[in-house]
Amino acid sequence: MKKVLIVGGGAAGMMAAIGAADSGNKVCLIEKNEKLGKKLFLTGKGRCNVTNAGDADTFFSNVCTNNKFLYSAFYGYDNFAVMNFLEQAGCPLKTERGGRVFPISDHSSDVIAAFGRELRKRGVEILLNTEVQEVLTNEGMITGVRLQDGKILYSECVIVCTGGLSYPSTGSTGDGYRFAKETGHRVTECVPSLVPFEVMESWCSKLMGLSLKNVSVRLICGSEEWYQGFGEMLFTHFGVSGPLILSASSFYGKKGKKDPAKKQNFPEREEVKLHIDLKPALDAEQLDKRLLREFEENKNRQFKNSLGGLFPAKLIPVMVELSGILPERKVNDITREERRAFGKRIKDISLTVTGVRGFSEAIITKGGIHLKEINASTMESKKVKGLYFAGEVLDLDALTGGFNLQIAWSTGYLAGSRACR
């Protein structure tokens with residue numbers, strides 16, 4: 001039996017340990033936190049969206065960066081393999097809207113507990129509160145790792161699964177990028193992704209806490225449309241958030257550049273606008289008929305008191321302000337042109353995106369170890385024999401819905417199962 005050292009006890013690290021043990025290796029899993037899966041515990045607002053039940057095409061279409069690199073990893077250990085593993089490990093699952101898969105209990109701790117049981121069953125040695133300081137090599141080959149206390153653990157196989165820079169409070173402080181650079185690898189620019197937008201317009205703060213469902217958004221820079229989507233969004237004191245906005249941010253990060261002073265993404269050239277359609281199910285004519293009906297029913301009321309059938313109460317004052325129509329004006333005094341202009345505003349509310357929030361609020365990191373230096377069939381480095389990488393530390397990212405965790409499971413299992421072969 002050969003010994004495999006795995007650095008990082010998150011999603012990719014735990015799955016790499018399973019894969020390595022199932023391949024007949026002696027496995028040591030090293031985690032600098034006091035417990036395994038600390039970031040996993042927070043995912044899905046504590047519910048843990050473990051994967052997505054969609055088919056392979058759904059998975060690859062939701063991977064934003066370098067999806068072709070994942071063919072071997074995904075087909076070797078796909079979403080159904082993950083679901084079967086967790087079910088067999090005593091963590092029953094359920095599938096919700098959009099194919100999102102969660103534990104039936106809605107507790108991420110049950111996912112982590114299932115992994116704990118399976119790791120113990122396979123005899124994996126787990127070192128908690130243990131930080132790796134350096135990955136050791138000699139003449140292009142792995143020799144082991146040096147711990148923070150100076151102790152050296154020797155091995156011909158090391159798998160780095162240290163995550164990215166998102167949620168640094170969970171221990172994701174970029175250690176893997178440092179290990180990669182120190183062993184001669186390139187790391188692409190890392191920016192926050194799946195993260196809220198900050199906007200210029202001050203009226204957004206008046207809507208703080210308001211959630212809107214079934215709206216559509218478009219993210220546009222100049223004449224170029226970067227993203228279009230439909231779903232749910234949330235207003236905050238600094239701008240907008242929610243599933244729809246997080247997905248849009250993944251494309252914003254791809255197009256933006258980093259401002260070193262603020263550690264945020266900003267547009268390279270033209271202004272970036274977020275266009276919100278509050279009534280995407282209605283075209284302009286249908287919406288005008290709806291407005292006409294509402295106005296007829298409220299013709300003797302003031303404009304500000306006539307919109308209860310169209311918007312949530314918190315949104316009404318802002319919509320009145322954006323309309324340019326005086327709040328106290330009687331509805332029956334509003335002209336056809338003003339009504340149609342109001343309809344256009346409902347279909348297109350524009351916000352100026354000034355940047356994104358930092359890594360402390362980002363679900364994932366966009367960027368990572370350059371994939372041209374990693375063997376997609378094994379996750380082994382092309383530069384250092386016996387050194388493998390898996391999970392968020394790689395230059396891979398996807399939209400929300402369980403796809404990023406699937407990247408971790410698939411790459412982790414592939415790295416573990418191929419280590420020391």
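1. Two strands are taken to pair if DSSP finds at least two bridges between them. Helices (H or I, at least four residues) and strands (E, at least two) are DSSP runs, numbered from the N terminus. On that basis, the bridge partner of V272 in strand 20 is V353. Strand 19 (residues 272-277) and strand 20 (residues 349-356) run antiparallel and are joined by five bridges.

2. This is a predicted model, in which local features need pLDDT of at least 70 and side-chain atom pairs count only at pLDDT 80 or more, whereas totals for chains, interfaces and linings use all residues. Residues are numbered from 1 along each chain as its sequence is written, and side-chain values use heavy atoms, with hydrogens and water left out.

3. Overall content: the protein chain has 11 helices and 23 strands. Its C-alpha trace spans about 85 × 45 × 35 Å along the principal axes. Of the 421 residues in the protein chain, 56% are buried (under 20% relative accessible area; exposed is over 50% and partly exposed in between, with a 1.4 Å probe and protein chains only). Among contacts (heavy atoms within 4.5 Å) with a separation of 6 or more, 72% are between residues 24 or more positions apart.

4. The barrel: six strands form a closed barrel in the order 13-16-15-14-19-20, with antiparallel pairing. From one strand to the next, the twist averages 45°. Helix 10 (residues 336-347) packs on the sheet and touches both strand 19 and strand 20. The direction of helix 10 makes about 115° with that of strand 19, where axes are lines fitted to C-alpha atoms (for helices over the stretch in contact) and angles run from 0 to 180 degrees between N-to-C directions.

5. Helix packing: helix 1 (residues 11-22) and helix 5 (residues 108-121) pack at an angle of about 30°, and their axes are 10 Å apart. The two helices are therefore roughly parallel to each other (angles under 35 degrees count as roughly parallel, over 145 as roughly antiparallel, 65 to 115 as roughly perpendicular and the rest as oblique). Helix 1 contributes M14, M15, A17 and I18 to the contact, and helix 5 contributes F115, E118 and L119. These residues divide into six nonpolar, no polar and one charged; Ala, Val, Leu, Ile, Met, Phe, Trp, Tyr, Cys and Pro count as nonpolar, Asp, Glu, Lys and Arg as charged, and the others, Gly among them, as polar.

6. Strand 1 pairs with strand 2 (residues 26-30) in the parallel sense over five bridges. K3 stands opposite K26 of strand 2.

7. Strand 6 and its partners: strand 6 (residues 100-103) pairs with strand 3 (residues 51-52) in the antiparallel sense over two bridges, and the bridge partner of N52 in strand 6 is R100. Strand 5 (residues 93-95) also runs antiparallel to strand 6, joined by three bridges, with L93 opposite P103. The hairpin of strand 5 and strand 6 has four residues between the strands, and G98 there takes a positive phi near 75°.

8. Residue I126: this residue is found in strand 7 (residues 125-127) and is partly exposed, with a relative accessible area of 30%. Apart from neighbours within four places in sequence, I126 is in contact with L29, L36 and L119. I126 and A408 are 282 residues apart in sequence and 19 Å apart in space, C-alpha to C-alpha.
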